[in-house]
Amino acid sequence: MSELGRVNKHKTTHQDAGADEIDVTGLAGRCDYVDRGDPADSDFTITDFVTDGTWYDKDFSSIVPANAKAIHLLLRIRALNVGAFFYLRTKGNVNIKNMIHSWTQVSAEYSGGDFIIVPDANRILEYLGNNTVFQNI
């Protein structure tokens, strides 16, 4: 079957009259999204980061509420070097599979995107920028 055929088979309503929906009755806790409004500037800039190929902590506790389950952030980087990279991960993780990563694909052009990442209990993430001169983070 072609990809187009698969797409056309999608139903716009739930099957089984809604019986396939997830029932969250009885679950405790909340998952609130805290909108920070329309900030005039970035919370962090290039001067807030060391980029020497080493992992460092970045404290988000001044802008992320206590007990936050996730951080929604916009990461934009720019460097003259193609392949310059910047990683963010949950503090305490040791692997580099489940993390945010961005790299420059064109010299002097921005790269990045919107990401969601889990902070540790103290709202700290770890970051690593390779040993290059970034123009912007």
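Predicted model: local features only at pLDDT ≥ 70, side-chain atom pairs only at ≥ 80, totals over all residues.
Modeller: Residues are numbered from 1 along each chain as its sequence is written, and side-chain values use heavy atoms, with hydrogens and water left out.

Colleague: Fine. Why is the contact of R36 with D43 called a salt bridge?

Modeller: The term needs a side-chain nitrogen of Lys or Arg within 4 Å of a carboxyl oxygen of Asp or Glu. For R36 and D43 the closest N and O atoms are 2.6 Å apart, so the pair passes that cut-off. The structure holds three salt bridges.

Colleague: What makes R36 partly exposed?

Modeller: Buried means under 20% relative accessible area, exposed means over 50%, and partly exposed is in between (1.4 Å probe, protein chains only). R36 comes out at 43%, so it counts as partly exposed. D43, at 39%, is partly exposed too.

Colleague: Which side chain does K91 meet in a salt bridge?

Modeller: That of D57, at 2.9 Å from N to O. K91 lies in the loop between β3 (85-90) and β4 (100-103) and D57 in strand β1 (residues 56-59), so the pair ties together parts 34 residues apart in sequence. Strands here are DSSP runs of E, at least two residues, numbered from the N terminus. K91 has a relative accessible area of 30%, so it is partly exposed, and D57 is partly exposed at 42%.

Colleague: And E126 with R89: how far is N from O in that salt bridge?

Modeller: 2.7 Å. E126 sits in strand β6 (residues 124-129) and R89 in strand β3, 37 residues apart, so this pair links distant parts of the chain.

Colleague: Why do you call E126 buried?

Modeller: Because its relative accessibility is 11%, which is under the 20% limit. R89 is buried as well, at 7%.

Colleague: On to the sheet. How do you know that β2 and β5 pair?

Modeller: Two strands pair if DSSP finds at least two bridges between them. Seven bridges join β2 (residues 71-79) to β5, so they qualify, and they run antiparallel. As one example, H72 has I116 in β5 as its bridge partner.

Colleague: What is the strand order in the open sheet?

Modeller: β5-β2-β7, three strands with antiparallel pairing.

Colleague: What makes β5 and β7 edge strands?

Modeller: β5 (111-117) and β7 (134-136) each pair on one side only.

Definitions and conventions: Helix = DSSP H or I, 4+ residues; strand = E, 2+ residues; numbered from the N terminus.
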